[in-house]
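Here are my notes on the two-chain model you sent over. I went through the strand pairing, the interface and the salt bridges, roughly in that order.

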Amino acid sequence: MCHQTVGLIAGELESRGIATTTVTMLREITAKVRTPRALAVPYALGYPLGKPGDPELQTRIIRAAFALLEAPGPGPVLADFTSTWIRSAP
Amino acid sequence: MASLSDLSLKNRVFMATYRYRALDPVPFARPRKPLPSARVALVTTGGVHLLSQVPFDDAMKGGDSSFREIPSETAVETLGIAHKSDAFDQTGFRADRNLGFPLDRLREMAARGEIGALNGRALSFMGSITAPGRLVKNTAPGAAALLEADGVDVALLVPL
């Protein structure tokens, strides 16, 4: 339910003029909620920024999320982050 | 990419039949400033809290829609995590809070000039909200008003 929650908060922020960008692990839920700007990452739930203890990957994902701020709109904007690192199944 | 098929049967059935609330129309604000000049706020639904704060109530019917203000200079490893959701593996987040609450990464980006400033407070929600009425009517507008008053230009939102 985190994905609905962030989408609804993002909508409230956007309506007050604050531009938002949201990370999502569940593309299909984010598409249903119509989150204004979202970056879909190829990682498991609980791993939005990819990997614990990997600042370089975390920073790359944040930069990719911020890059969506340049999208002209209108929203929703939903883009994919690609990386060679995929968390192995537990 | 995670998908609904990766979830437990209980969560899969719930999420497949749940009627998600959609934004319609979709509010869409253009950034007021270039990112290197922008004040950026972090919002998570990871349920993190200062140990001095009352933790979220994971047993509240429909979900706890309240939020906690976290000073942006907080050492992330000192934060508590109230999330008890079994929908996701919490191992990584508990090992490195930056995975879902990347204060360290944003502080580094501010130091490098990639963002203008990190807002003085970040906000933490608890994501397991199945009845979002209170969130939509009360707490999300309240949170947004705080960030608006702070002069925040851009918000990064991270679910868990």
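1. Strand β1 (residues 19-24) of chain A is joined to β7 of chain B by 4 bridges, and the two run parallel. A:Ala19 has B:Val154 as its bridge partner in β7(B). For the labels, helices (H or I, at least four residues) and strands (E, at least two) are DSSP runs numbered from the N terminus, and strands pair if DSSP finds at least two bridges between them.

2. Before going further, some housekeeping: this is a predicted model, where local features need pLDDT of at least 70 and side-chain atom pairs count only at pLDDT 80 or more, while totals for chains, interfaces and linings use all residues. Residues are numbered from 1 along each chain as its sequence is written, chains are lettered from A in the order in which they are written, and side-chain values use heavy atoms, with hydrogens and water left out.

3. On the interface, 67 residues of chain B are in contact with 66 of chain A (heavy atoms within 4.5 Å). About 5,500 Å² is buried between the chains, 69% of it on carbon and sulfur atoms; that is the accessible area (1.4 Å probe) the two parts lose on being put together, summed over both.

4. Between chain B and chain A I'd note 3 salt bridges, where a salt bridge is a side-chain nitrogen of Lys or Arg within 4 Å of a carboxyl oxygen of Asp or Glu. A:Arg63 and B:Glu114 meet in a salt bridge at 2.7 Å, N to O.

5. B:Arg112 is partly exposed at 47% relative accessible area (buried is under 20%, exposed over 50%, partly exposed in between; 1.4 Å probe, protein chains only). Shared partners also link A:Glu12, A:Arg16 and B:Glu148 into one salt-bridge network.

6. Within chain A, A:Arg27 and A:Asp80 form a salt bridge (3.0 Å, N to O). A:Arg27 sits in helix α2 (residues 27-33) and A:Asp80 in strand β3 (residues 77-80), so the pair ties together parts 53 residues apart in sequence. A:Arg27 is partly exposed at 31%, and A:Asp80 is partly exposed at 43%.

7. B:Glu108 and B:Arg105 are salt-bridged at 2.9 Å. Both lie in helix α3 (residues 103-112) of chain B, 3 residues apart, about one turn. Here B:Arg105 is buried at 7%, whereas B:Glu108 is partly exposed at 29%.
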